[in-house]
Amino acid sequence: MDSRIIRIRRKLAKVPYAALRSHSFGEEKHRFRLAPPLLDTKVAEFEASHHIELPDPYRSFLTTLGGGGASPFYGLLPLQSCRPFTMDPQGEPSRPRGFTFASGPPHRGDLFLHIIEAGCTDLVLLGITGPLTGRVVTGNADGFRGPNVSSATDFLAWYERWLDHMLAGRDNRDLELTSPALRAPVDRILRQHRNCTRRVHAA
């Protein structure tokens with residue numbers, strides 16, 4: 001087993017109780033919980049049905065840590081909900097490239113798997129074939145922004161970086177993390193709103 005799996009499991013368990021951690025956008029949906037790990041046979045069935053091979057670090061996460069749930073943004077998609085995409089051809093030099101759903105083989109261009117729910121047409125993808133295999137890529141299906149390739153070498157490194165930055169109370173726009181200092185005004189407004197609501201109901 002990859003030693004990072006054990007570290008990630010421990011760090012993820014600490015996050016809900018870390019007083020000075022960063023706020024992770026979308027955490028209210030997954031609440032830092034993972035779905036049960038997947039059986040190897042289920043992963044193999046998914047690979048066969050999509051004619052792909054998942055990168056080992058991501059596959060190890062699914063089969064030893066969890067098959068969905070806690071992650072940056074709104075959470076890891078269940079594997080059966082993940083869909084393959086290809087990156088659109090380069091248009092004008094200054095225009096970001098979008099992504100197109102790859103309905104089935106043969107595929108034109110390198111494949112990326114949509115693995116995390118980011119909202120609207122934003123995508124968090126994992127490279128499946130080509131030079132970006134194993135790397136996490138964020139972008140927008142309609143080409144409104146990105147794509148951006150994470151400097152993390154693989155999915156486990158990317159996921160552990162999210163946990164490390166959150167536990168350290170850091171800001172990270174790429175991972176949608178907000179430090180306690182920047183989050184404080186928002187939390188204060190929410191507390192005031194809750195107090196006002198309680199007083200209204202008590203009256």
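Analyst: Buried means under 20% relative accessible area, exposed means over 50%, and partly exposed is in between, with a 1.4 Å probe and protein chains only. The model is predicted: local features need pLDDT of at least 70 and side-chain atom pairs count only at pLDDT 80 or more, while totals for chains, interfaces and linings use all residues. Residues are numbered from 1 along each chain as its sequence is written, and side-chain values use heavy atoms, without hydrogens and water.

User: Why is cysteine 82 called buried?

Analyst: Its relative accessibility is 1%, so cysteine 82 counts as buried.

User: And what makes cysteine 120 exposed?

Analyst: Cysteine 120 counts as exposed because its relative accessibility is 83%.

User: Which residues of H4 are buried?

Analyst: Pro57, Tyr58, Arg59, Phe61, Leu62 and Leu65.

User: What makes a set of residues a nonpolar core?

Analyst: Its members are buried Ala, Val, Leu, Ile, Met, Phe, Trp, Tyr and Cys residues, joined through side-chain atoms within 4.5 Å. The largest such core here has 39 residues, of which Leu54, Tyr58, Phe155, Tyr159 and Trp162 touch the most other members. H1 (3-14), H3 (40-50), H4 (56-65), S4 (111-117), S5 (122-127) and H5 (155-167) each supply at least two of its residues. H5 gives the largest share, seven residues. Another core, of seven residues, lies apart from it and includes Phe112, Leu123, Leu125 and Ala141.

User: What is tryptophan 162 in contact with, leaving aside its neighbours within four places in sequence?

Analyst: Contact means heavy atoms within 4.5 Å. By that criterion, tryptophan 162 is in contact with Ser24, His30, Phe32, Ala70, Ser71, Pro72, Leu175 and Leu177.

User: How many of the contacts in the chain join residues at least 24 apart?

Analyst: Among those between residues at least 6 apart in sequence, 58%.

User: How many helices and strands does the chain have?

Analyst: Six helices and eight strands, in the order α-β-α-α-α-β-β-β-β-β-β-α-β-α along the sequence. Of the 203 residues of the chain, 42% count as buried.

Technical notes: Helices (H or I, at least four residues) and strands (E, at least two) are DSSP runs, numbered from the N terminus.
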